[in-house]
Amino acid sequence: MRLNDLMKATNSFHKNNIIGSGRTGTMYMGVLEDGTSLLIKRLQNSQHSDKEFSSEMATLGNVKHRNLVPLLGFCVAKTERLLVYRYMANGTLNDNLHPVDDAKQAMEWSLRLKISIGAARGFAWLHHNCNPRILHRNISSKCILLDADFEPKISDFGLARLMNPVDTHLSTFVNGEFGDLGYVAPEYARTLVATPKGDVYSFGVVLLELVTGERPTHITKAPETFKGSLVEWISQLSDDGKLHDAIDTSLVGNGVDNELFQFLKVACNCVLPTPKERPAMFEVYQLLRAIGERYNFTTEDEISMPSDTSDVGYLEELIVAR
């Protein structure tokens, strides 16, 4: 795609077209001359040559799954690196869970559960069935987009290093730290290594957001003196035997309390401090799917059971951040 067309589509990357930004770059809403809406990711600090970047994009262009935002194309022009995705009508999960307008009605439980199962399916596919396997490394409620039917679609996949069993030097076109505040697994500060269980931790925080309605930091229901994260608050409630208090009050008393608590327990297992004790992403998907069985959200299951869900098989593929 030509830079000129994308400039026109975004009104020269005008701030009014920005729909989100993070460590990897800024996402813009764009409209082509024929009226087609697009999402355009403007990457920042890309260190790769044109050839290397194009090679990575050729790989990512072939990564297709019902729960991934379709990558339609890319543009390389001088220092600019732009990714073009299909437009998602309902924005990010973050915007829907934490609306700026307080008058907006809280998301229903069945919708939250549907989104969690679809997102887990997508992440499990990236970890276990995709070739090459992909670590996301930047999971948050901002990277889960929602289409017109509120089907979750994962964005920013492959913007971290590709997990490739053959190519152990593992290329990347995003440098520096990764992960938003409140989502990064505690072991990362010590090891500087990205792992599948680090992704599971980050997704666990998203699950906690879904069931509590709270953000990963700045907990509204916690005492004013509490300055910790969502995970720390949950841990404190668990120690005090008050875990039920964490559940979003708008969801309680609607005949789904058992599902809510099961869901909360899955989320808690994902954010355990020891990586080995966390489930694999495939197991997370299976657990959530079991909770949502009566809703008939899922049809044919395109994810095959991995032969080994431990991290042992990933030892050759560990990724040390620069």
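Strands here are DSSP runs (E, at least two residues), as helices are (H or I, at least four), numbered from the N terminus. This is a predicted model, in which local features need pLDDT of at least 70 and side-chain atom pairs count only at pLDDT 80 or more, while totals for chains, interfaces and linings use all residues. Residues are numbered from 1 along each chain as its sequence is written, and side-chain values use heavy atoms, with hydrogens and water left out.

Two strands count as paired if DSSP finds at least two bridges between them. Select I18 and look across to Y28 in β2, which stands opposite. Then select S21, whose bridge partner in β2 is T26.

Contact means heavy atoms within 4.5 Å.

Some backbone details come next. Most residues other than glycine have a negative phi, and most peptide bonds are trans. Select K78, in the loop between β4 and β5. The phi of K78 is near 55°, a positive value in a residue other than glycine. K78 counts as exposed, at 80% relative accessibility; exposed means over 50% relative accessible area, buried under 20%, and partly exposed in between (1.4 Å probe, protein chains only).

Move to N296, in the loop between α9 (281-291) and β11 (319-320). N296 also has a positive phi, about 55°, although it is not a glycine. At 64% relative accessibility, N296 is exposed.

Then select N131 and P132, which are joined by a cis peptide bond with omega of about 5°. P132 is in the loop between α4 (109-129) and β6 (133-134).

For the cysteines, a search of the whole structure finds zero disulfides (pairs of cysteine sulfur atoms within 2.5 Å). C270 is in no disulfide, and the nearest cysteine sulfur, that of C268, is 9.1 Å away. C270 is buried, with a relative accessible area of 0%. C143 is buried as well, at 3% relative accessibility.

Finally, colour the chain by pLDDT, the predictor's confidence in each residue, from 0 to 100. The protein chain averages a pLDDT of 85, and 85% of the residues score at least 70. Over residues 161-177 the pLDDT is below 50, and this stretch has 60 contacts in the model beyond near neighbours in sequence. Residues 312-322 also stay under 50.

Zoom out to see the protein chain with its nine helices and 11 strands. Of its 322 residues, 51% are buried.
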